[in-house]
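Please have the sequence and the coordinates at hand while reading.

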Amino acid sequence: EVQLVESGGGLVQPGGSLRLSCAASGFTFGSYVMSWVRQAPGKGPEWVANINNDGDVTHYADSVKGRFTVSRDSAESTVYLQMNNLKPEDTAVYYCAARVDPFDIYKYWGQGTQVTVSS
C-alpha cells in the first residue's frame, strides 16, 4: 500500500518555526520528485517547494523563498519542510506529494497536516 504520511503541523506564533515530515512507503522513494503543496481556507492549492529524486535540486515558491527549506532522507524515505519566520499567510493545510518526471500530475498525495500561524 502506498502511503505518504505528513506530521509536524500545529499552532505557532508569527516569526516562529515548524518542521514538517512526510514519511513515504509502498513505492520506490528514490525515483520520485517530492513536493509540498498547501491549501489555505477558501483558496485553491498552492505549490510550495519541490526536491528532485537525488535531493540535490530544490525549488521554492516566491512566497516562501528564503524562509522554507525542503530536504529528503533516502534512508528513511522521508521528506522534510523546515519553515522559519512563519507568517499568518502561511496558515494552510500542507500536503506532501510525489511525481515522476516528465509527468506533471502528482501520482501520490498525503493526507495533509494543519499549520496555523497566529498570535
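What is the handedness of the link of C22 and C96, and what is the angle about the S-S bond? The link is left-handed, with -80° about that bond.

The model is a predicted one, in which local features need pLDDT of at least 70 and side-chain atom pairs count only at pLDDT 80 or more, while totals for chains, interfaces and linings use all residues. Residues are numbered from 1 along each chain as its sequence is written, and side-chain values use heavy atoms, with hydrogens and water left out.

## The disulfide

A disulfide is a covalent bond between the sulfur atoms of two cysteines; here a pair of cysteine sulfur atoms counts as one when they lie within 2.5 Å. The structure holds one disulfide, and in this link the sulfur atoms of C22 and C96 are 2.1 Å apart. The pair links distant parts of the chain, since C22 belongs to strand β3 (residues 18-25) and C96 to strand β9 (residues 92-99), 74 residues apart; strands are DSSP runs of E with at least two residues, numbered from the N terminus. C22 is buried, with a relative accessible area of 0%, and C96 is likewise buried at 0%, where buried means under 20% relative accessible area, exposed over 50% and partly exposed in between, for a 1.4 Å probe and protein chains only.

## Aromatic contacts

A search of the whole structure finds five aromatic pairs, a pair being two rings of Phe, Tyr or Trp (its six-membered ring) with centres within 6.5 Å, called stacked if the planes are under 30 degrees apart, edge-to-face if over 60 and tilted for the rest. Two of these pairs are set out below.

| Pair | Centre distance | Plane angle | Class |
|---|---|---|---|
| F27 and Y32 | 4.8 Å | 75° | edge-to-face |
| Y95 and W109 | 6.4 Å | 80° | edge-to-face |

Y95 is partly exposed at 21% relative accessibility, and W109 is partly exposed at 44%.

F27, by contrast, counts as buried at 15% relative accessibility, and Y32 is buried with a relative accessible area of 7%. Ring pairs link F27, Y32 and Y108 into a cluster.

## A charge over a ring

R72 lies over the face of F29, at 4.2 Å from the ring centre; the criterion asks that NZ of Lys or CZ of Arg be within 6 Å of the ring centre and within 35 degrees of the ring normal.

Key: Helix = DSSP H or I, 4+ residues; strand = E, 2+ residues; numbered from the N terminus.
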